[in-house]
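Me: Please go through the metal site and the pockets with me. I want the criteria behind each label.

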Amino acid sequence: MSHLQNFKLELEKAGFDAAIISEKINQRYLSDFDFDDGLVLVTGGQSYLITDFRYIEAAHAQATKEMEVLMPKGGQLLCIAGLLADNGCKRVAVEESGLSIANFARYQKVLEGYTVEGGASAMLDGLRLVKDEKELATIARAQEITDAAYAHMLKWLRPDVTEIEVALEIEFFMRNNGAEAAAFDTVAVSGTNSSRPHGVPRRCKLEKGFLTMDFGARVDGYCSDMTRTVVIGKADAEIKHLYDTVLTAQLAALDALCEGASYRELDKIARDIIDAYPQYKGAFGHSLGHGVGMLIHEDPRVSFAAKEGSVLSRGHVITVEPGIYLEGKYGCRIEDMVCLDTAGKVRNFTKSTKEMIEIL
Ligand SMILES: [Mn+2]
């Protein structure tokens, strides 16, 4: 079944006649078409992609044939009001997580006489949480490009480049090798900057110590996410110990992955290994991981704060990324992206080496 067909079933179950989709990610998920400034209307019968002249030619070529492509002369919302009437719809779902308060007020005004309610975000988040094999294959392609970028960086890296040059080189390589974009702003942080998990690359030469690179590619709308940490200069005993501890925690969590593994428990496995050392206690300040899909951070939470009973299930794609961050000193993180495939088998998309590499 297509994404659109699945969504129609969810709408029907929840008692909605239609949904207006205004979030770009969800529009692409349902229509296979990437565009800005338009709307998607899903009804129990016909569904519509409403756009303007800038996108119309591409929309006819690329959008799913399950949708009618329209380019209204008047307002898009007025067009929707007419289509709702044509299709005999009364109760309409909108995206409670993405629609602004101002737009919601506008919808209510233009769509007077219809019941307009939130609910579409939760339904679509739930559908996007469970990836099919085609989506898993796309994510695997995104990660292949990301792995290739790391292999490239290991040849390219020198101690006398800047953090921003490292980030740009990674992004250039990924786009040049098949990524439609970087999945998020690349993190390349060295020395004292590496104690900031999402630090911003600076325009200064790499500091000695750790260099953490957190990056991903977007391919056909789907993201990859990985982190590798290398050492600039020679690693001392303390650096080696910290790196080994992060790696041991990561491998232990990866080892514990299986169908039904609790997200809270996975987090605890990695955290206990790190917290066992007094000098690292509390220094793993974020969650073990997160879901990845069309958004770089989406459900499920792989965390001490995950919902009770939230477990690794078929079609989930998650990251496993423990780290240790010593404020004012340095930090290190190692991240892989894994899934439980539709047959219930754990797959690690990330093939890059985790050996501690010194850049001399
Ligand atoms: Mn991540």
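This is a predicted model: local features need pLDDT of at least 70, side-chain atom pairs count only at pLDDT 80 or more; totals for chains, interfaces and linings use all residues.

Me: What makes Asp 225, His 290, Glu 321 and Glu 335 donors of the manganese ion?

Reply: Donors are N, O and S atoms within 2.8 Å of the metal (3.2 Å for Na, K and Ca). Asp 225 (OD), His 290 (NE2), Glu 321 (OE) and Glu 335 (OE) lie 2.1 to 2.3 Å from the manganese ion, so they count as its protein donors. Water is not among the atoms, so the site may look incomplete. Their spacing along the chain is D-x64-H-x30-E-x13-E.

Me: Are His 290 and Glu 335 buried or exposed?

Reply: Both are buried (under 20% relative accessible area; exposed is over 50%, partly exposed in between; 1.4 Å probe, protein chains only).

Me: Which residues of the largest pocket's lining lie nearest its centre?

Reply: They are His 3, Asp 32, Lys 134, Asp 220 and Tyr 222, out of 19 lining residues. Lining residues have an atom within 4 Å of a pocket point; a pocket is an open set on a 1 Å grid over the protein atoms alone, where a 1.4 Å probe fits, with protein on both sides within 12 Å along at least five of seven lines.

Me: How is that lining divided by class?

Reply: Five residues are nonpolar, five polar and nine charged. Asp, Glu, Lys and Arg count as charged; Ala, Val, Leu, Ile, Met, Phe, Trp, Tyr, Cys and Pro as nonpolar; the others, Gly among them, as polar.

Notes
Residues are numbered from 1 along each chain as its sequence is written. Side-chain values use heavy atoms; hydrogens and water are left out.
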